[in-house]
Amino acid sequence: MKLLRNTVLFILLLLAVDVGRYFFIPDVSRLAHTNPGKTAFMEYREAEWRNEGREKTIKQRWTPLRRVSPSLIKAVLISEDNNFWHHEGFDFKAIEGAIEKNIEAGEFKFGASTISQQLAKNLFLSPSKNPLRKMKEAILTWRIEQTLSKRRILELYVNVAEWGDGIFGIDAAARHYYGVSASRLTASQSARLAAALPNPVLYKPTGSSRFVKVRAKHIYAIMLRRGLVVPDYREVMAAPDTPVVQPPDSVVVGVPENLIQEASLPDSLQHDSSPEPAPEETSESTQPGN
């Protein structure tokens with residue numbers, strides 16, 4: 001009995017050390033002024049390809065945030081992390097909503113990871129969903145938020161995120177799917193790229209997936225509503241004369257139902273508890289880098 005107890009304690013100690021070391025390593029502060037090389041997620045993909053006998057290489061072109069289309073930045077924020085400028089790494093309301101949906105579904109089906117959490121996972125961890133990995137992710141997310149500016153976090157994310165099979169970084173994605181640099185992406189192209197982010201290997205931005213089409217249309221509608229895109233003459237003339245119900249003002253999985261319902265009301269009836277980012281915050285994402 002004593003041997004069993006000591007063995008369990010020893011295993012628990014090893015697990016605590018394995019998780020606790022992420023309070024000190026890796027050196028997150030280097031990311032403030034140094035662009036990362038090959039990430040843990042890229043290495044994970046390469047291992048997958050080797051096991052499948054596929055000869056593939058990573059496609060990535062690093063580009064400063066100032067050379068990324070503002071439309072792409074806005075679309076990604078709407079799609080992946082609507083409260084990015086206001087939280088400190090964790091969107092607890094979104095997490096609460098995701099937990100409720102998972103309980104209803106009876107499985108781990110919905111997530112609520114912020115851009116900071118996704119960055120931590122992409123840079124240093126595996127895509128595994130086990131609790132230990134999530135604990136490591138939480139520690140790294142906290143350190144990233146404490147060390148880096150929001151602008152730098154966003155710049156890192158769009159450059160290391162996976163946008164397709166072997167395609168990493170927004171510039172490589174823009175050239176692969178649309179034949180343009182990241183700075184020349186249009187609003188509609190940006191919406192489709194952002195719409196595919198939940199699973200860019202399965203859902204291609206330029207494919208025929210209904211999921212991408214519907215999600216991209218939703219993202220684009222929110223961009224129009226927020227004044228991030230100016231509708232052209234054809235869009236205005238083709239619009240129906242009767243009022244239409246506005247789409248929910250977020251597509252982030254796990255957003256509380258009350259926010260979704262409120263965003264669906266006419267603007268005059270809304271009492272938004274999650275205000276829009278200040279102009280200087282949103283415009284910051286298109287200014288020269290750190």
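This is a predicted model: local features need pLDDT of at least 70, side-chain atom pairs count only at pLDDT 80 or more; totals for chains, interfaces and linings use all residues.
Three strands form an open sheet in the order β1-β3-β2, and their pairing is mixed. The edge positions are taken by β1 (59-60) and β2 (162-164); each has a single partner strand, so one side of each is left without a neighbour in the sheet.

Strand β3 comprises residues 167-168 and is joined to β2 by two bridges, the two strands running antiparallel. Within this pairing, Gly 164 has Ile 167 of β3 as its bridge partner. Strands of a sheet pair through backbone hydrogen bonds, in either a parallel or an antiparallel manner.

## Helix α3

Helix α3 spans residues 70-80 and is mostly covered, with 10 of its 11 residues buried. The buried positions include the apolar residues Leu 72, Ile 73, Ala 75, Val 76, Leu 77 and Ile 78.

Asp 171 lies in helix α8, which covers residues 170-178. Its relative accessibility is 5%, and because buried means under 20%, Asp 171 counts as buried.

The side chain of Asp 171 makes a polar contact with the side chain of Arg 61, at 2.9 Å. When neighbours within four places in sequence are left aside, Asp 171 is in contact with Arg 61 and Thr 63, and also with Val 180, Ser 181 and Ala 182.

Key. Residues are numbered from 1 along each chain as its sequence is written. Side-chain values use heavy atoms; hydrogens and water are left out. Helices (H or I, at least four residues) and strands (E, at least two) are DSSP runs, numbered from the N terminus. Buried means under 20% relative accessible area, exposed over 50%, partly exposed in between (1.4 Å probe, protein chains only). A polar contact is a pair of N or O atoms within 3.5 Å; within protein, one must be able to donate a hydrogen and the other to accept it, and residues adjacent in sequence count only if both atoms are side-chain atoms. Contact means heavy atoms within 4.5 Å. Two strands pair if DSSP finds at least two bridges between them.
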